[in-house]
Amino acid sequence: MPEKTVVVALGGNAILQHRESGTAEEQLANVRRASRHIAEIASDGYAVVITHGNGPQVGDILLKNELAKDTLPPMPLDVCGAESQGMIGYLLQQSMQEALGAVGLGCPVATVLTQTLVDGNDPAFANPEKPIGPFYTPMQAKRLEKEKDWRMVQIPGQGYRRVVPSPRPIALVEEQVILQLVSAGAVVIAAGGGGVPVVAGPRGTLQGVEAVVDKDYTAALLARIAGAGDLLILTDVERVALNYGRPGQREISEMTVREAREHLAVGQFPPGTMGPKIEAAVEFLDAGGSRATIASLEQASPALAGRAGTRIRP
């Protein structure tokens, strides 16, 4: 494996900005900007593995399913996740190849459509909590609960939305392929959107499940598999903050795993926002990683050099 390897986890804002309509042109422009920042990291001598979010894209695919349900058969959630991996992977492959060429690097770029193994007995399957897809009226929600056995929850002021399980990742089915590509010097894009969740069936078979794996937990797993020393989580804030959005807000430039656990225990990092990122960083460092960094996309290279963002160390 390369001497210096980093897993870069792109947040959803790197692909689709708030209030954008989601055209191919908009998403390509965003991905090109992100790729230029990642190419800077590669030019600093790092082997780069990229993973990314896919929430808005899967939401759009599910909405298309709903609008076309009387004409075309809707696809299950695992297939929709695979569709989004292919689309975003294509945009990233093309953009990264251009950005690497601009900094004088000719390494190949490859997307691995990744399946993430989860436990069919994970407690999350008994308690679906991850909202996905469009909003529905109360009447529509009631019908979908009956017809499709979906679990629906009310989002105040917006309507009803489907919720699905979010089990923890156990392994990446394509682990060996990813390792071979990294060892060969490729920039690898893998486990987009947390990967397509699958469970093990009889005689080594795999079966997709209606679930969503948190992309940050999968990023930590991917970093361990790739033997990365660094996990770089890029989001829409400059640094992690205590008392975020409240009086006494304070940004943190560095903390230990012990301090991160203490802040998690008192509710400083909510489950739906910063919590999974901090937990993923802790998991990665507990498994032998050297450093986890959370920063904004624009500060990617300085953050990895220790000049920006929030560093979490063992």
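Me: Quick one to start: in which hand does α1 pass α3, right or left?
Reply: Right-handed, going by this predicted model.

Me: What's the angle there, and how far apart are the axes of α1 and α3?
Reply: Helix α1 (residues 24-43) packs on α3 at about 50°, and the axes are 8 Å apart. That angle makes α1 oblique to α3.

Me: Which residues in α1 and α3 meet?
Reply: From α1 you have Q27, L28, V31, R32, S35, R36, I38, A39 and A42. On the α3 side they meet M87, L91, L92, Q94, S95, M96, E98, A99 and L100.

Me: And by class, what does the contact of α1 with α3 have?
Reply: It has 11 nonpolar, 4 polar and 3 charged residues.

Me: OK, staying on α3. At what angle does α2 pack with it?
Reply: About 125°, with α2 covering residues 55-67 and α3 covering residues 77-102. Their axes are 9 Å apart. So α2 is oblique to α3.

Me: Is the crossing of α2 and α3 right-handed or left-handed?
Reply: Right-handed.

Me: Who touches whom between α2 and α3?
Reply: Q57, V58, I61, L62 and N65 of α2 meet L77, C80, G81, E83, S84, M87 and I88 of α3. Split by class, the residues of that contact are 7 nonpolar, 4 polar and 1 charged. M87 of α3 also turns up in the contact with α1.

Me: What lines the largest cavity?
Reply: A9, L10, G11, T51, H52, K215, D216, A219, I233 and L234. By class, those are 5 nonpolar, 3 polar and 2 charged.

Me: Which elements supply at least two residues each to that lining?
Reply: β1 (5-10), β2 (47-52), α6 (215-225) and β12 (230-235). The largest share, 3 residues, comes from α6.

Me: α6 again, then. How does it sit against α8?
Reply: The axes of α6 and α8 (residues 275-286) come within 8 Å and cross at roughly 20°. The two helices are therefore roughly parallel to each other. α6 passes α8 in a right-handed crossing.

Me: Which residues make that contact between α6 and α8?
Reply: K215, D216, Y217, A220, A223 and R224 in α6 meet P276, K277, E279, A280, E283 and F284 in α8. The contact divides into 6 nonpolar, no polar and 6 charged residues. K215 and D216 are also part of the lining of the largest cavity.

Me: Which residues lie nearest the centre of the second largest pocket?
Reply: L62, M75, K148, W150 and R162, out of 15 lining residues. L62 is the α2 residue that also came up in the contact with α3.

Me: Which elements give two or more residues to that pocket's lining?
Reply: α2 and β5 (130-136). β5 gives the most, with 4 residues.

Me: How many of the residues lining the second largest pocket are charged?
Reply: 4 of them are charged, alongside 9 nonpolar and 2 polar residues.

Key. Residues are numbered from 1 along each chain as its sequence is written. This is a predicted model: local features need pLDDT of at least 70, side-chain atom pairs count only at pLDDT 80 or more; totals for chains, interfaces and linings use all residues. Side-chain values use heavy atoms; hydrogens and water are left out. On a 1 Å grid over the protein atoms alone, a cavity is a set of points where a 1.4 Å probe fits but cannot get out, and a pocket is an open set with protein on both sides within 12 Å along at least five of seven lines; lining residues have an atom within 4 Å of a point. Ala, Val, Leu, Ile, Met, Phe, Trp, Tyr, Cys and Pro count as nonpolar, Asp, Glu, Lys and Arg as charged, and the others, Gly among them, as polar. Axes are lines fitted to C-alpha atoms, for helices over the stretch in contact, and angles run from 0 to 180 degrees between N-to-C directions. Angles under 35 degrees count as roughly parallel, over 145 as roughly antiparallel, 65 to 115 as roughly perpendicular and the rest as oblique. A crossing is left-handed if the near helix is turned anticlockwise from the far one by less than a right angle, and right-handed if clockwise. Contact means heavy atoms within 4.5 Å.
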